[in-house]
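I opened my notebook to get to know a new structure. Here is what I looked up, entry by entry.

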Amino acid sequence: MSQYLFLYRGAQRPTSPTEAQQVMQKWMTWFEELGKRGHIKDPGQPLEPTGKVVKGRQKSVTDGPFAEAKDLVGGYTIVEATDIAEAAEISKGCPIFERDGFVEVRPVMKM
Amino acid sequence: MISVLTRIFGFHNLALAEDVVQDAFCQALEVWKFRGLPENPSAWLMACAQRKAIDVLRRERTAREFAPELGRLAESEWTLVPAVEQRFAPHTIPDDLLRMMFSCCDPRLKEEAQVALILHILCGLSVGEVAGALVAGHAAVEKRIGRAKQVLAGARALYEIADERQVAARLPAVQRALYLLFNEGYHGASTQDVIRGELCRDAIRLARLLQEHPAGDTPATRALIALMCLHAARLPSRLDAEGELRSLLDQDRSRWDRALLAEGQLWLERSATGAELSDYHLEAAIAWMHGSARSAEATDWPRIVALYDQLLAVRPSPVVALNRAIAVAQAEGPERGLAEIRAIDRVEKLERYPFYPAALAELELRRGHTDVAREHFERAKSLARNPSERRFFEQRLEAC
């Protein structure tokens, strides 16, 4: 089994508590299913949409990341799968696709 | 949560309190979707709202004026956090809910507006859900709630309940609003059974909260809880297995909620103190007569008629008079019942009430005047407020 990082990017934020509740339900169901199939290494955390970016030799600190909202990272999860193909397949069940987001699947480098 | 925050921010900042709650809620859901539900979600939410409240006070303490009683406490970092924490302490929350309840029942607001506000702020229903529960248009309810909030914003602080005289002054209005809230769930025209059950439960919860406050614990409050429990006990049998409406006379009494009946009886006994005999006492007593009877035939109808007589004396209303006439018909036959219906004062007020022609129809049917009964049932059907009422009248038409 190898580990893969799922980066959740660019989903639309829910506009009402009811909608947020529905979104949460879907995610919880998805995580539950992944857990049952033994794919979850760490469910991860959601990320605040704001932060700081530290950059350059001067280490200048700016507010951000103000990347396009469409690819802002909203959270991460570490999953276990036999290979990248399976990891990508697993990611297809993520509810993020219903909200115009996408999942970046990255193999964790083995030492 | 909104009540606590409003006490901190002041009533004129109600919108801010709502924003903070919504924000806390959305953030909670975001975290829970990854980490699963925490063991105590409401404590988690409270902690989150508390943190956000402190942020808001810090950020806006120069730009906004908050609740007068918070006053200078918000200005210094030394006093700000303890002051907010103290207001979020679990034992102060019931009082804040009561303060909010009393604030909503402002005499400058119409009763419908008070009920809408209680549903929205204290029961956490969205404007759309309030509109669904009260069977009113979304825009109309939005306007009603918006206007009510504006009226109340002038008060700045929440209604104070520490002084017994102040509680007593507004207590009847609060009881009335809770009564209407319950009725909306029990008799209201909302078609969704889920909504109705929830409205009844919310009304009972708030009435109990009122009773737990020493100044709110009057015989009338206890009678109000009794009547809510006794009516709510019959909710499960109002619809039969096919989801069709059933009249009280042919409900399956084994499906009545025994625990709620017993609780209602207990509250009715506890309400029997003092000199005050409120309309809630009388209604609870009537509900108990029905609740304790084994069948429609075994009901003590003459006693019920006598209780209705008393109720009419304190609260004259054509609907009460109609119910009384139906009880008379049960006790003394359809002819007497019809005579009583004809004698109802201001009967024109019942013109759009579907159960008025329906009552006429039932009695005509019982004395064998099938054609007249049909006409009345047709009229009732045309007035039906939702599909289950309509189907109910259609079934009665088939019986003619």
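The entries below go from the whole chains down to single residues.

**Ground rules.** I am working with a predicted model, in which local features need pLDDT of at least 70, side-chain atom pairs count only at pLDDT 80 or more, and totals for chains, interfaces and linings use all residues. Residues are numbered from 1 along each chain as its sequence is written, while chains are lettered from A and ligands numbered from 1 in the order in which they are written.

**Chain A, overview.** I began with the secondary structure and found 2 helices and 6 strands in chain A. Helices (H or I, at least four residues) and strands (E, at least two) are DSSP runs, numbered from the N terminus. Along the sequence they come in the pattern β-α-β-β-β-β-α-β. I noted a box of roughly 45 × 45 × 20 Å for the C-alpha atoms of chain A, taken along the principal axes.

Next I looked up burial, and 19% of the 111 residues of chain A count as buried. A residue is buried if 20 or more other C-beta atoms lie within 10 Å of its own, exposed if 12 or fewer, and partly exposed in between, with C-beta atoms placed from the backbone.

I also checked contacts, meaning pairs whose C-beta atoms, placed from the backbone, lie within 7 Å. In chain A, 75% of the contacts between residues at least 6 apart in sequence join residues at least 24 apart.

**The sheet in chain A.** In what order do the strands of the open sheet lie? I read β2-β5-β1-β6 in chain A, 4 strands with antiparallel pairing; two strands pair if DSSP finds at least two bridges between them. At the edges are β2 (40–46) and β6 (102–107) of chain A, each pairing on one side only. On average, neighbouring strands of this sheet are turned by 15 degrees against each other, direction ignored.

I followed one pair in detail: β1 (residues 2–9) and β6 of chain A are antiparallel over 6 bridges. There, A:R9 has A:F102 in β6(A) as its bridge partner. Helix α2 (residues 84–91) of chain A packs on the sheet, touching β1, β5 (73–81) and β6 of chain A, and its direction makes about 160 degrees with that of β6(A). For such angles, axes are lines fitted to C-alpha atoms, for helices over the stretch in contact, and the values run from 0 to 180 degrees between N-to-C directions.

**A hairpin in chain A.** I then turned to β3 (residues 52–55) and β4 (residues 60–63) of chain A, an antiparallel pair with 4 bridges. They form a hairpin with 4 residues between them, and A:G56 in the turn has a positive phi of about 80 degrees. Opposite A:V53 I found A:T62 in β4(A).

**Chain B, overview.** Chain B has 19 helices and 0 strands. Its C-alpha atoms fill a box of roughly 80 × 50 × 40 Å along the principal axes, and 39% of its 400 residues are buried.

**Where the chains meet.** I looked up the interface and found 12 residues of chain B in contact with 14 residues of chain A. The chain B side of it has 6 nonpolar, 3 polar and 3 charged residues. Ala, Val, Leu, Ile, Met, Phe, Trp, Tyr, Cys and Pro count as nonpolar, Asp, Glu, Lys and Arg as charged, and the others, Gly among them, as polar. I also saw that α2(B) lies across β2 and β5 of chain A, at about 175 degrees to β2(A).

**Helix α3 of chain B.** Which residues of α3(B) are buried? I listed B:A49, B:Q50, B:A53, B:V56 and B:L57. They sit on the same side of α3(B) because they cover an arc of only 130 degrees around the axis, the arc being that of the directions from the helix axis to the C-beta atoms. The face turned away from the buried side of α3(B) carries the exposed residues B:P41, B:D55, B:R58 and B:R59. Among what covers the buried residues of α3(B) are α1 (2–9), α2 (14–35) and α4 (77–87) of chain B.

**Two single residues.** B:M1 lies in the segment before α1 of chain B. Is B:M1 buried or exposed? I put B:M1 down as buried because 23 other C-beta atoms lie within 10 Å. Residues up to four places away in sequence aside, B:M1 touches B:V21, B:L45, B:M46 and B:A49.

My last stop was B:A285, in helix α13 (residues 279–292) of chain B. B:A285 counts as buried, with 23 C-beta neighbours inside 10 Å. Beyond its neighbours within four places in sequence, B:A285 is in contact with B:L268 and B:L307.

How values were computed. Two residues are in contact if their C-beta atoms, placed from the backbone, lie within 7 Å.
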